[in-house]
Amino acid sequence: MSCKDVYHSASPAAMIYLRSADLTTMVHVCIYHPLDRWERMNVEMDTAAKERWARSASTHRPFHGVEGELWPVRLLEQGQTSPQAGEKVVNDLASRLADHVLGAPLEAYWVSKGLIRPDAVKTVNWSALSLARETPALARRFWVSKFASNHCAVGTRLHQRQLTDSPSCPRGCPEEETSQHVLSCPNGNDLWDSLASILLQWGRKNKAAPGLMEALITGISHWRDGTAEHAPLRYWPSDLRTAYESQTAQGWGGVLFGFTSTAWERFQSSHFKAIRSRRSSRRWVAALIRKLWDVSWDLWNYRCYQLNKESDPEAEQALRALSTCISVACARRTSLYPAPFRPMLQRPLHQILSSSYDDRILWLETVDNAFSLRVPQPRGSFARHVINRLTQGGLLQRLQRRKEPPKLRTTHRVIQTSLLSMDREED
């Protein structure tokens, strides 16, 4: 009988002694009983499992990749005989299972929404789009999905819920208002021009490939205008023309929602290699997608402002009179004011007009009183009349309750270096 059998057959009373005694003493003095049938089967199963494990570890059966395999596989390269090259590697199994099960239905869903053309699904940069969704807040990601899928409070959705009589654009366009129409509505052309200039500044500050932002804005502008698709210019580089044509084949309607072509990433990657930059082109495209989402938000927010703002002709007339009085006061010679008040006139006019209503009224009242010290006005000045009308007639409260144009989310800030570092493999 082996030592293992002796140890397993020892009575509980002898177990304390066995743990403290040496092996020779244990064999001679321990009390044991023969193993029953279940104990012998347990020992035999344990021995058989260890022998099988030893045989499996000593022999290797290479695994060759199969087309459509769910897990990533290191395939045998040409001229390579190492058996480890054919091992199956499981990496991020949950996301790969989700892509395998939900990938095709999601692609068909976005095709049905008109954001991607059916024959160009494989050219969409899904990797950069997935990477772009990691940084924004949860509410931001929800809004992007709702807006892209036309589930925001647009005309067609409100008409479907029987909240409006017509699905047409409430800003006066005859077309039905969908999410794509919000981004291409002519009532937002002035805002789009400002956003396009911001995008160009953003591209220059973040080392965009020459011509990339210009080509992207050109394609979006032609899509917004509804004109014929712009043919790539002859003086464009060949890889830039390829990227533009790839996006045209995919469709420009989904660019502001983040559905960009993989050709833009290849074009930006070649630029990074040319300038010997170690930045990640995929992360750069992901940052561009987030910037395009900001553009979409600004156009949507401006649409909501146009629909919900209240017109108050009397308050607007008083506000224009206030701006006129401030402009006249700034245009006077500083020698007409006492010396202690002259520094107030050195402020830029645009800075005064962009301040709050209370600050503008206080500035004008102080300057007007200072001017009256040098040039007496017995009947009161026009500026004093405007100030009294605003403060005593309730117009100031109406102006403060009025909705102001929304601030732009789109900026031309430089991307943080940590967001562009190549800390993950681009494959």
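Helix axes here are lines fitted to C-alpha atoms over the stretch in contact, and the angle between two of them runs from 0 to 180 degrees between N-to-C directions. With that in hand, welcome to a quick tour of this predicted model. The protein chain holds 20 helices and zero strands. Of its 427 residues, 36% are buried. If you look at contacts between residues at least 6 apart in sequence, 65% of them join residues at least 24 apart.

**How α7 meets α14**

- The helices α7 and α14 pack at an angle of about 70°, and their axes lie 11 Å apart.
- Angles of 65 to 115 degrees count as roughly perpendicular, and α7 and α14 are therefore roughly perpendicular to each other.
- On the α7 side, the residues that take part are Arg140, Trp143, Val144 and Phe147.
- Their partners in α14 are Trp293, Asp294, Ser296, Trp297 and Trp300.

**The nonpolar cores**

- The largest nonpolar core has 56 residues, and those touching the most other members are Phe147, Met213, Phe259, Trp264, Trp284 and Trp300.
- Two or more residues of this core come from each of α6 (126-132), α7 (138-148), α9 (179-184), α10 (189-205), α11 (212-225), α12 (238-250), α13 (262-274) and α14 (281-308).
- The helix that gives the most to this core is α14, with twelve residues.
- Another core, of 25 residues, lies apart from the largest one, and its members include Ala318, Ile326, Leu390 and Leu395.

- You will find Phe371 in helix α17, which covers residues 357-374.
- Is Phe371 buried or exposed? Its relative accessibility is 7%, so Phe371 counts as buried.
- Leaving aside residues up to four places away in sequence, Phe371 touches Arg332, Leu336, Tyr337 and Gln377.
- Phe371 and Phe341 are 30 residues apart in sequence, and their C-alpha atoms are 9.2 Å apart in space.

**Cysteines**

- A disulfide is a covalent bond between the sulfur atoms of two cysteines.
- With sulfur atoms required to be within 2.5 Å, the count of disulfides comes to zero.
- Cys304 is in no disulfide, and the nearest cysteine sulfur, that of Cys152, is 8.4 Å away.
- The cut-off for buried is under 20% relative accessible area, so Cys304, at 19%, counts as buried.
- Cys330 has a relative accessible area of 23%, so this cysteine is partly exposed.

- Asn150 is a residue other than glycine with a positive phi, near 65°.
- Asn150 sits in the loop between α7 and α8 (155-160), and at 16% relative accessibility Asn150 counts as buried.
- Gln162 is not a glycine either, yet has a positive phi of about 60°.
- Where is Gln162 found? Gln162 is in the loop between α8 and α9.
- At 73% relative accessibility, Gln162 counts as exposed, whereas Asn150 counts as buried.

Notes. Residues numbered from 1 in each chain as written. Predicted model: local features only at pLDDT ≥ 70, side-chain atom pairs only at ≥ 80, totals over all residues. Heavy atoms only, no water. Core = buried A, V, L, I, M, F, W, Y, C linked by side-chain atoms within 4.5 Å. Buried < 20%, exposed > 50% of the residue type's maximum accessible area, 1.4 Å probe, protein only. Helix = DSSP H or I, 4+ residues; strand = E, 2+ residues; numbered from the N terminus. Parallel < 35°, antiparallel > 145°, perpendicular 65-115°, else oblique. Contact = heavy atoms within 4.5 Å.
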